[in-house]
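Good morning, and thank you for coming.

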Amino acid sequence: MKQEFRLGERVSTVRFLEQGERAEEIIRREYPHSLIIWVADENTSRYLPAGEPHCLVLPAGEAFKTMETILRIVDFALQVGAGRDSLFVALGGGVVCDMTAFAASVYMRGAGVVLLPSTLLAMVDATLGGKSGVDYRGYKNIIGTFYPASLIIIEPTYLASLPQREIMGGLAEVVKHAMLSGEDALERIERLLPDIKAGNRDAFSSIIAESLTVKGAVIEQDPLERGIRAHLNLGHTFAHALESATGFNGWSHGEAVAWGLSRALHAGELLGETDPGYRRFIDELLDRFGYRRYAEADTSAILEAVGSDKKKRGGEVRFVLQKKAGDTFTRALPREIVEEAISGGCLNP
Ligand SMILES: NC(=O)c1ccc[n+]([C@@H]2O[C@H](COP(=O)([O-])OP(=O)(O)OC[C@H]3O[C@@H](n4cnc5c(N)ncnc54)[C@H](O)[C@@H]3O)[C@@H](O)[C@H]2O)c1
């Protein structure tokens with residue numbers, strides 16, 4: 001299976017590996033003359049192809065998503081004699097993919113980049129869209145570039161070793177994409193739920209392809225994030241506030257996103273815009289996936305975190321809300337509505 005997305009001047013091709021196909025063979029075929037640098041982390045290095053001469057293994061985790069690590073990648077590229085026509089191949093989650101793409105984008109003003117996402121989140125979200133970057137002084141992805149990968153290879157086999165919590169993190173983005181798409185996509189997810197829970201490869205391929213189609217349609221319209229791409233942040237303002245209020249402890253990003261999706265629909269309902277039946281349907285779907293919809297956190301702490309997000313973004317937070325599946329809009333909300341929507345998702349409001 002193959003999908004193509006046009007991002008401004010560039011095209012990103014997504015290839016799904018069939019059982020038995022090997023990523024390195026496809027890469028060699030597509031880029032026969034390039035020196036190839038493989039970048040993995042300590043949890044994904046097990047998937048590096050045997051015999052590849054230039055492999056760099058980084059420490060795992062967001063804490064290493066830094067300029068120091070970018071310089072390690074650049075040093076390695078220099079050491080192996082990489083040129084501008086070389087290819088940087090990332091084999092890892094969103095952290096490795098974001099950093100490898102960033103390093104490739106600045107190495108000699110732009111080398112080639114291919115991404116092999118190994119987490120569900122990276123497969124359905126992080127690799128498509130061209131955003132690369134690193135964290136700095138407590139700000140996430142504050143240094144970065146738009147640099148779409150020419151090729152993204154999806155190998156669902158990698159998901160077999162991914163901890164369940166990381167799978168749940170990616171599934172929250174899958175549900176979000178289905179909400180942005182419409183009723184049909186949500187019904188398909190509902191139907192596939194037992195197969196997804198059973199780890200069925202075809203079910204995963206199908207939801208990944210569908211998610212990429214939804215995200216692809218949005219980013220093709222708005223490759224540089226100047227307008228409609230904001231819709232991809234559905235649930236994320238509430239999610240970031242919960243993560244920050246709980247000290248980035250206890251809630252993974254994906255779990256917080258699921259909570260945030262429910263809070264966004266509650267806020268929309270309080271505003272008189274969201275169909276209450278749709279909100280119930282999504283809450284039930286999130287329950288069936290096994291997400292927590294209630295946080296053991298104080299409303300005031302989460303509300304304060306929304307406020308500080310507002311300051312960071314220069315004064316106004318526009319929440320992404322929905323009337324129903326596939327019908328999305330953005331709106332600045334009165335404080336009372338934000339407060340009530342948050343307290344509706346807290347055990348000790
Ligand atoms: N560029 C974008 O548009 C975009 C979009 C969303 C998120 N992101 C970024 O993605 C990052 C989060 O990505 P993530 O959730 O993939 O986290 P991650 O890359 O940190 O991976 C999570 C953990 O799983 C491990 N891992 C990865 N693949 C594995 C596998 N197959 N088996 C076992 N362990 C494996 C990793 O080593 C890590 O410990 C954040 O930095 C975020 O900013 C970027």
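I begin with cysteine 55, which is partly exposed, with a relative accessible area of 25%. Please keep in mind throughout that this is a predicted model.

How many disulfides does the structure hold? The number is 0. For cysteine 55, the reason is one of distance: the closest cysteine sulfur belongs to cysteine 97 and lies 15 Å away, which is too far for a bond. A disulfide would require the two sulfur atoms to be within 2.5 Å. Another cysteine, cysteine 346, is buried, at a relative accessible area of 5%.

Let me turn to the ligand. Which residues are the closest to the ligand? They are Asp41, Glu62, Ser118, Thr119 and Ser161, out of 25 residues that surround the ligand. By type, this shell comprises 10 charged, 8 polar and 7 nonpolar residues.

Aspartate 41 places a polar side-chain atom 2.6 Å from a ligand oxygen. For lysine 65, a polar side-chain atom is found 2.8 Å from an oxygen atom of the ligand. Glycine 94 contributes through its backbone instead, with an N or O atom 2.8 Å from a ligand oxygen. On its own, the ligand would expose 860 Å², and the protein buries 85% of that area. Helix H3 (94-106), helix H4 (120-126) and strand S8 (139-146) are the elements that each give two or more residues to the shell.

I now move to arginine 15, which belongs to strand S2, residues 10-16. Is this arginine buried or exposed? Arginine 15 is buried, because its relative accessible area is 17% and the limit for that class is under 20%. Setting aside neighbours within four places in sequence, arginine 15 is in contact with a number of residues, among them Met1, Lys2, Glu21 and Glu30, and also Leu151, Ile152, Ile153 and Ile154.

Serine 181 counts as partly exposed, with a relative accessibility of 38%. Beyond residues up to four places away in sequence, serine 181 touches Val214 and Gly326.

Thank you for your attention.

Methods. Residues numbered from 1 in each chain as written. Predicted model: local features only at pLDDT ≥ 70, side-chain atom pairs only at ≥ 80, totals over all residues. Heavy atoms only, no water. Near = heavy atom within 4 Å. Polar contact = N/O pair within 3.5 Å; in protein donor to acceptor, adjacent residues only side chain to side chain. Areas by Shrake-Rupley, 256 points an atom, 1.4 Å probe, with all protein chains shown as cover. Helix = DSSP H or I, 4+ residues; strand = E, 2+ residues; numbered from the N terminus. Nonpolar A, V, L, I, M, F, W, Y, C, P; charged D, E, K, R; others polar. Buried < 20%, exposed > 50% of the residue type's maximum accessible area, 1.4 Å probe, protein only. Contact = heavy atoms within 4.5 Å.
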